[in-house]
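This report is meant for a reader who is meeting the structure for the first time. Please keep the sequence and the 3D view at hand while reading.

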Amino acid sequence: MGNAMRGVVAFIPSERCQRFLAGDLKEMPFDRAVDLSSRQLRRLPIAVCAFDELVKLYLSDNHLSSLPAELQDLRKLQLLALDFNLFEELPAVVCRLSRLNILYLGNNRLYTLPRALGDLRELNTLWLETNCFTTFPEVVCELSNLKTLHLGYNQIRALPPGIGGLEELRSIWLAGNQLSEFPSVLLEMHLLAVIDVDRNKIRRFPRLSHMQSLKLVIYDHNPCVNAPVVGEGVRRVGRWAENSDDEEDEDLAKQGSEATAGLQDVQTDGE
């Protein structure tokens, strides 16, 4: 009954109704964090923007499609969660939050990002999964301090060379896209620890054994004919992952021999 009531009240713009949805916002929380997730909000209560010492703001799982200009007053904000909302464009005011470290934008309707996002020089974690990107948003390549990038479950077919300039990047999550080849630019990013290309269209994997920092590679649910060869201690998740590299090479050689023998048989029968 509570959720149903909130759903009705969300359509009423009066200040009293907004207080009902958002709760008591009269004083700065002791931990400098405000969590307004799952409140059926259609607009951000302006009262939140008065907390100029706020560090974390959670707005996940609402009905937001815009944000007020007053949000820029949260000059110390380090974490902003906007996932599971209705954003088709990233509000420009987000790009003015210069202290932002972590930005959650997953499960929205985004298909592009503003150039001003590159101004967030302290951003180190960016989640963009389950949106509408058909091409890699190249402004991400300007986020020089980025350590974690989640772009899973979009429609991306390739990565730009510029991503190689993200020298701080440690994990990249690209599951559920349209990659037909393993992105060669990743092979030169020697500090990567996690690579996830699960559920793409990759048919062959290059050797990854030269990547000294690699700890985990997820390549399951690809139409691949081989597993990536990795260094000692690297965990692989996907087909043939339980085999050693020697066993894997033997299996592939056996498959090739059988295919060659079959072709010869067919040619002999034809003669």
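What follows describes some charged pairs and then the surroundings of one leucine.

The model is predicted, so that local features need pLDDT of at least 70 and side-chain atom pairs count only at pLDDT 80 or more, while totals for chains, interfaces and linings use all residues. Residues are numbered from 1 along each chain as its sequence is written, and side-chain values use heavy atoms, with hydrogens and water left out.

## Charged pairs

Side chains of opposite charge can pair when their charged atoms come close. A salt bridge is taken here as a side-chain nitrogen of Lys or Arg within 4 Å of a carboxyl oxygen of Asp or Glu, and by this rule the count comes to five salt bridges.

| Salt bridge | N to O distance |
|---|---|
| E53 and R32 | 3.7 Å |
| K76 and E53 | 2.9 Å |
| D198 and R199 | 3.8 Å |

R32, E53 and K76 are linked in a network of salt bridges. To place these residues, helices (H or I, at least four residues) and strands (E, at least two) are taken as DSSP runs, numbered from the N terminus.

The side chains of E53 and R32 meet in a salt bridge. Because E53 lies in the loop between β1 (33–35) and β2 (56–58), and R32 in the loop between α2 (15–22) and β1, this pair ties together parts that are 21 residues apart in sequence. K76 also forms a salt bridge with E53. Here K76 lies in the loop between β2 and β3 (79–81) and E53 in the loop between β1 and β2, so the pair ties together parts that are 23 residues apart in sequence.

Accessibility is described by relative accessible area, with buried meaning under 20%, exposed over 50% and partly exposed in between (1.4 Å probe, protein chains only). E53 is partly exposed at 31%, as are R32 at 35% and K76 at 30%.

## The surroundings of L159

L159 lies in the loop between β6 (148–150) and β7 (171–173), and with a relative accessible area of 14% this leucine is buried. Which residues does L159 touch, not counting residues up to four places away in sequence? With contact meaning heavy atoms within 4.5 Å, L159 touches F136, I172, L174, P183, V185 and L186. L159 and P137 are 22 residues apart in sequence, and their C-alpha atoms are 9.2 Å apart in space.
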